[in-house]
Amino acid sequence: HYTLPHGEAVAIGLLVESHLAVQLEYLSQNDFDRIHKILIKYGLPLQLPSHFSIQTLLDAMILDEKSLKGQPRFVMINAIGSPLSCNSHYCMHV
């Protein structure tokens, strides 16, 4: 019963994960700004529709292929196109 197209969800997730990477000091603000501008240039949505609740989002994140044992995980980058490895994986708990 998905109401958000996969590509739009990926764009929003990319922005959120990039923001987390900036907050955790993995990614520079300049790289984040470039990612943000590219998403805007292609007209991708950068916010979830207002009908999404936090619980709905968390439930969906648990079903994501990156989650492990019911815990959401995120891909962190330290530069555009450069994911960080965590225990030989590219996903980590944040």
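Guide: Two groups are in contact when heavy atoms lie within 4.5 Å of each other. This is a predicted model, so local features need pLDDT of at least 70 and side-chain atom pairs 80 or more, while totals for chains, interfaces and linings use all residues. Residues are numbered from 1 along each chain as its sequence is written, and side-chain values use heavy atoms, without hydrogens and water.

Visitor: How do you know that residues 24 or more positions apart take part in contacts in the protein chain?
Guide: Among contacts with a separation of 6 or more, 47% are between residues 24 or more positions apart.

Visitor: What makes up the secondary structure of the protein chain?
Guide: There are three helices and two strands, taken from DSSP runs (H or I, at least four residues, for a helix; E, at least two, for a strand) and numbered from the N terminus. Along the sequence, the pattern reads α-α-α-β-β.

Visitor: Why is helix 1 called roughly antiparallel to helix 2?
Guide: The axes of helix 1 (residues 6-23) and helix 2 (residues 29-41) cross at roughly 170 degrees and come within 9 Å. These axes are lines fitted to C-alpha atoms over the stretch in contact, with angles from 0 to 180 degrees between N-to-C directions. Over 145 degrees is roughly antiparallel (under 35 is roughly parallel, 65 to 115 roughly perpendicular, the rest oblique), so helix 1 is roughly antiparallel to helix 2.

Visitor: Which residues of helix 1 and helix 2 make the contact?
Guide: From helix 1 come Ala11, Leu14, Leu15, Ser18, His19 and Val22, and from helix 2 come Gln29, Phe32, Ile35, His36 and Leu39.

Visitor: Why is Ile77 called buried?
Guide: Buried means under 20% relative accessible area (exposed is over 50%, partly exposed in between; 1.4 Å probe, protein chains only). Ile77 has 14%, so Ile77 counts as buried. In the protein chain as a whole, 24% of the 94 residues are buried.

Visitor: What is Ile77 in contact with, leaving aside its neighbours within four places in sequence?
Guide: Ile77, a residue of strand 1, touches Ser18, Ala21, Tyr26, Leu27, Ile35, Ser82, Pro83 and Leu84. The C-alpha atoms of Ile77 and Glu17 are 8.3 Å apart, although 60 residues separate the two along the chain.

Visitor: Why does Arg73 count as buried?
Guide: Its relative accessibility is 16%, so Arg73 falls on the buried side. Arg73 sits in the loop between helix 3 (54-63) and strand 1 (77-79). A polar atom of the Arg73 side chain lies 2.7 Å from the backbone oxygen of Lys66.

Visitor: What makes the pairing of the Asp59 and Gln55 side chains a polar contact?
Guide: A polar contact is a pair of N or O atoms within 3.5 Å; within protein, one must be able to donate a hydrogen and the other to accept it, and residues adjacent in sequence count only through side-chain atoms on both sides. The Asp59 and Gln55 side chains are joined at 2.8 Å. Asp59 belongs to helix 3; its relative accessible area is 39%, so Asp59 is partly exposed.

Visitor: Why are Glu25 and Lys69 called exposed?
Guide: Glu25 has a relative accessible area of 72%, so Glu25 is exposed, and Lys69 is exposed too, with 79%. Glu25 lies in the loop between helix 1 and helix 2, and Lys69 in the loop between helix 3 and strand 1.

Visitor: What is phi for Glu25, and what is phi for Lys69?
Guide: Most residues other than glycine have a negative phi. Glu25 has a positive phi near 65 degrees, and Lys69 has a positive phi of about 55 degrees.
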